[in-house]
Amino acid sequence: MIKNIRMRNCATYSSEGASIENCQKINFLYGPNGSGKSTISNYLRNLNATQYCDCNIEWENDAPVDIVVYNRDFELAILKRILLVYLL
């Protein structure tokens, strides 16, 4: 399980960055447009992307687990699969 997320030097996050602490098994992120919600979800979907090299995750017991992110990219991927099955 993720304990903490640190976002720095990407999109709307400065070099000082921001932390999300005390994460639970399921977490909901909400806020106004431009506040960095999509940046966090995109980071969680692709932890190794170069634009997130200054971001990090602290795992409970230092044991990474699979992450499921429900965002626009997830919705589009599901829609593409459905359309592909329908068209075949």
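Leaving aside neighbours within four places in sequence, Tyr52 is in contact with Met7, Cys10, Thr39, Asn42, Tyr43 and Asn46, where contact means heavy atoms within 4.5 Å. This is a predicted model, in which local features need pLDDT of at least 70 and side-chain atom pairs count only at pLDDT 80 or more, whereas totals for chains, interfaces and linings use all residues. Residues are numbered from 1 along each chain as its sequence is written, and side-chain values use heavy atoms, with hydrogens and water left out.

One of the partners of Tyr52 is Thr39, a residue of helix H1. Thr39 counts as buried because its relative accessibility is 12%; buried means under 20% relative accessible area, exposed means over 50%, and partly exposed lies in between, with a 1.4 Å probe and protein chains only. Not counting residues up to four places away in sequence, Thr39 touches Met7, Cys10, Ala11, Tyr13 and Tyr52.

Tyr52 also belongs to the largest nonpolar core, which has 15 residues, and the members that touch the most others are Ile2, Ile5, Met7, Tyr43, Leu44 and Tyr52. A nonpolar core is a set of buried Ala, Val, Leu, Ile, Met, Phe, Trp, Tyr and Cys residues joined through side-chain atoms within 4.5 Å. Two or more residues of this core come from each of strand E1 (2-7), helix H1 (37-45) and strand E3 (56-59); helices (H or I, at least four residues) and strands (E, at least two) are DSSP runs, numbered from the N terminus.

**The sheet and the helix on it**

The protein has 2 helices and 3 strands, and from the N terminus on its elements run β-β-α-β-α. The 3 strands form an open sheet in the order E2-E1-E3, with antiparallel pairing, and two strands are said to pair if DSSP finds at least two bridges between them. Strand E2 (18-20) and E3 are the edge strands, each of which pairs on one side only. From one strand to the next, the twist averages 15 degrees; axes here are lines fitted to C-alpha atoms, for helices over the stretch in contact, and angles run from 0 to 180 degrees between N-to-C directions. In general, strands of a sheet pair through backbone hydrogen bonds, either parallel or antiparallel.

The two pairings can be set side by side as follows.

| Strands | Sense | Bridges |
|---|---|---|
| E1 and E3 | antiparallel | 4 bridges |
| E1 and E2 | antiparallel | 3 bridges |

Within these pairings, Arg6 has Asn56 of E3 as its bridge partner, while Met7 stands opposite Ala18 in E2.

The buried residues of H1 are Thr39, Ile40, Ser41, Tyr43 and Leu44, and what covers them includes E1, E2 and E3.

Because Glu58 lies in strand E3 and Lys3 in strand E1, the pair ties together parts that are 55 residues apart in sequence. Glu58 counts as partly exposed, at 36% relative accessibility, and Lys3 is partly exposed as well, with a relative accessible area of 34%.

Lys3 is also in contact with Glu60, as is Met1, when neighbours of Glu60 within four places in sequence are left aside. Glu60 is found in the loop between E3 and helix H2 (72-87), and it is partly exposed, with a relative accessible area of 34%. From C-alpha to C-alpha, Glu60 and Ile20 are 14 Å apart in space, and they are 40 residues apart in sequence.

**The protein as a whole**

Along its principal axes, the C-alpha trace of the protein spans about 50 × 30 × 25 Å. Of the 88 residues in the protein, buried residues make up 23%. Among contacts between residues at least 6 apart in sequence, 48% join residues at least 24 apart.
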